[in-house]
Amino acid sequence: MEEVKVSYSQIEKANSEIKTMKIGTGDYAKVSERVKAFRKVYPMGEIITDIEEINDTSVRIKATIKDEESNVLSTARATEEKKAKGKMTVNLTDMIENCETSAVGRALGFAGFGIDKEVASAEDVTRNKERAKQYEVFTNMFIPDNDAKKIVKLSIGELMRKMGVVKAHLGELVSEQLWTTLEEMSTNQLIKLESKLRTINLENDEWHELYAENSKIKEVVPVNQEVVYESSHYKFGRLALEMAGTDSELQNEIIDFYLNAGIDLSK
């Protein structure tokens, strides 16, 4: 029987000698550390990357890991889009490089390098955590979630003034019915609150008690009349148009999308 040249214990030892990053409850190795572990076991092994598909907006890359005798140990693929995601603008200039790193990291993970329980690299986990903090204003168009919250809160503030709402009373209702505070509400919860406040001047609205309660505001929206204000969705749509730049086709897609939702971005 042919002697096994590389054992799992060798890979395990190489993994124990590289640096990892603590992200959440897990320990993750960067791709550079996975490469280091691989080279400890296979100094003359091969890491091969091939672009399988590429266009002006996206790329897909395949990574292949081979031992020193050109036996394939693993393969993996990654895909990246040439879009800015909130403050993450790296793909605008380094889409191919970023994709290649992800593919190599995954392939090395499948081969057993730099992993404990997770195939994802530190770069992948960090990127995904950052994306989770984003708010999507249009397909694959993101802004930081904190910025989205500020936008919604501004629209809520305008509604409160037009409807004569007392903030303290609103906070009490939110606490009683939603089991949270105004300060701790998520972006989606704030958007629902904004929608709720648009109708409190209707006599049969369950939150009508909030309407015109603030005596300091003399001119509020009349009873049963539609309130006119700059909604957060309108602001998100305008941001999406700005992010589309000079791409007229994409701009039209955004305009049609928001128009279907009852929001005219041309105003």
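Which residues lie nearest the centre of the largest pocket? Keep that in mind as you open the model, which is a predicted one.

**Stop 1: the largest pocket.** Select Glu226, Val227, Tyr229, Ser231 and Gly262. These lie nearest the centre of the largest pocket, among the 19 residues that line it. The volume of this pocket is about 520 Å³. Now colour the lining by residue type.

Stop 2: Select Lys82, Lys83, Met141, Asp247 and Leu250. They lie nearest the centre of the second largest pocket, which has 15 lining residues. Its volume is about 340 Å³. Here the lining splits into six nonpolar, three polar and six charged residues. Next, show residues 232-244 and 248-260. These are helix 8 and helix 9, and each gives at least two residues to the lining. Helix 9 provides the largest share, with three residues.

**Stop 3: helix 6.** Select residues 167-178. This is helix 6, twelve residues in length. From first C-alpha to last, helix 6 reaches 16 Å, close to the 16 Å expected. Which residues of helix 6 are buried? Pick out His169, Leu170, Gly171, Leu173 and Val174: these are buried. An α-helix has 3.6 residues a turn, so residues three or four places apart point the same way. Look at what surrounds the buried residues of helix 6. They pack against helix 5 (145-163) and helix 7 (187-197).

**Stop 4: past the end of helix 6.** Step on to Trp179, just after the helix. Check its backbone: Trp179 takes a positive phi of about 60°.

Note on methods:
Residues are numbered from 1 along each chain as its sequence is written. This is a predicted model: local features need pLDDT of at least 70, side-chain atom pairs count only at pLDDT 80 or more; totals for chains, interfaces and linings use all residues. Side-chain values use heavy atoms; hydrogens and water are left out. Helices (H or I, at least four residues) and strands (E, at least two) are DSSP runs, numbered from the N terminus. The expected span of a helix is 1.5 Å times one less than its number of residues. Buried means under 20% relative accessible area, exposed over 50%, partly exposed in between (1.4 Å probe, protein chains only). Contact means heavy atoms within 4.5 Å. On a 1 Å grid over the protein atoms alone, a cavity is a set of points where a 1.4 Å probe fits but cannot get out, and a pocket is an open set with protein on both sides within 12 Å along at least five of seven lines; lining residues have an atom within 4 Å of a point. Grid points are joined across faces, edges and corners, and a volume is the space filled by probe spheres set on the points. Ala, Val, Leu, Ile, Met, Phe, Trp, Tyr, Cys and Pro count as nonpolar, Asp, Glu, Lys and Arg as charged, and the others, Gly among them, as polar.
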